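Subject: Structure for you to look at

Hello,

Here is the structure I said I would pass on. Please open it next to this email and follow along.

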Amino acid sequence: MNVSKLFRMQRALDQYIETEHGLQEADLFDKKVLALLVEIGELANETRCFKFWSLKKPSERQVILEEFVDGVHFILSLGLTCSLEEADVTEEDTSASITEQFLLVYEAVQLFKKEKSAEAYSRMLNDYFALGRLIGFSAEEVEKAYVAKNEVNYERQQQGY
């Protein structure tokens, strides 16, 4: 996966949004963290991995991928906010279940919120992408979906979203 390309695309989108909304000088860190946590929750909801009480199946794969990519947008945006765009995705295996990995991701986000360090960012980024691999997404698939959703995000902004 070309993470540098995704960071460049995210930087352009962030600059566009911040300019359009007059937020160039605003501190958006906490809002981005909360947005990421909400997106992670929406992703969990679509996978239904924690809904032991329900027989309903997970959402369609494409819906889950779109939710995953929404989280990627905010993770990249947080990296840019803290000048941590040198981070890279590793392909470390995990023995966690999907539910356990979601909890690890939530912990990693909270750690990054507290520390704002390169190490904490790398953990958050890699825990999130490990979750994507557990769900069944390839790096190429995520990159392609990110590019497509990035275009949608521009269109939404231009339509007054």
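This is a predicted model: local features need pLDDT of at least 70, side-chain atom pairs count only at pLDDT 80 or more; totals for chains, interfaces and linings use all residues.

**Helices α2 and α3**

Start with α2, residues 29-47, and α3, residues 61-81. Their axes come within 9 Å and cross at roughly 160°. An angle over 145 degrees counts as roughly antiparallel, and α2 and α3 are therefore roughly antiparallel to each other. The crossing of this pair is left-handed. On the α2 side the contact includes F29, L36, L43 and T47, and on the α3 side it includes V63, F68, F74 and T81. By class, the residues of this contact are eleven nonpolar, four polar and six charged.

**Helices α4 and α5**

Next come α4, residues 98-115, and α5, residues 118-135. The axes of these two come within 8 Å, and the crossing angle is again roughly 160°. α4 and α5 are therefore roughly antiparallel to each other as well. Their crossing is left-handed. Among the contact residues are I98, F102, V105 and F112 of α4, together with Y121, M124, Y128 and L131 of α5. The contact of α4 with α5 has 16 nonpolar residues, one polar and four charged.

**Helices α2 and α5**

α2 also packs against α5, at an angle of about 15° and with the axes 13 Å apart. Angles under 35 degrees count as roughly parallel, so α2 is roughly parallel to α5. This crossing, too, is left-handed. Here L36, I40, L43 and T47 of α2 meet M124, Y128, L131 and I135 of α5. Seven of the residues in this contact are nonpolar, one is polar and none is charged.

How much space lies in the second largest pocket? The figure is about 210 Å³. Its lining consists of R11, D14, Q15, E18, Q24, A26, L28, F29, K32, S77, L80 and T81. Helices α1 (3-20), α2 and α3 each supply at least two of the lining residues. The largest share, four residues, comes from α1. Sorted by class, the lining has four nonpolar, four polar and four charged residues.

Regards

Key:
Residues are numbered from 1 along each chain as its sequence is written. Side-chain values use heavy atoms; hydrogens and water are left out. Axes are lines fitted to C-alpha atoms, for helices over the stretch in contact, and angles run from 0 to 180 degrees between N-to-C directions. Angles under 35 degrees count as roughly parallel, over 145 as roughly antiparallel, 65 to 115 as roughly perpendicular and the rest as oblique. A crossing is left-handed if the near helix is turned anticlockwise from the far one by less than a right angle, and right-handed if clockwise. Contact means heavy atoms within 4.5 Å. Ala, Val, Leu, Ile, Met, Phe, Trp, Tyr, Cys and Pro count as nonpolar, Asp, Glu, Lys and Arg as charged, and the others, Gly among them, as polar. On a 1 Å grid over the protein atoms alone, a cavity is a set of points where a 1.4 Å probe fits but cannot get out, and a pocket is an open set with protein on both sides within 12 Å along at least five of seven lines; lining residues have an atom within 4 Å of a point. Grid points are joined across faces, edges and corners, and a volume is the space filled by probe spheres set on the points.
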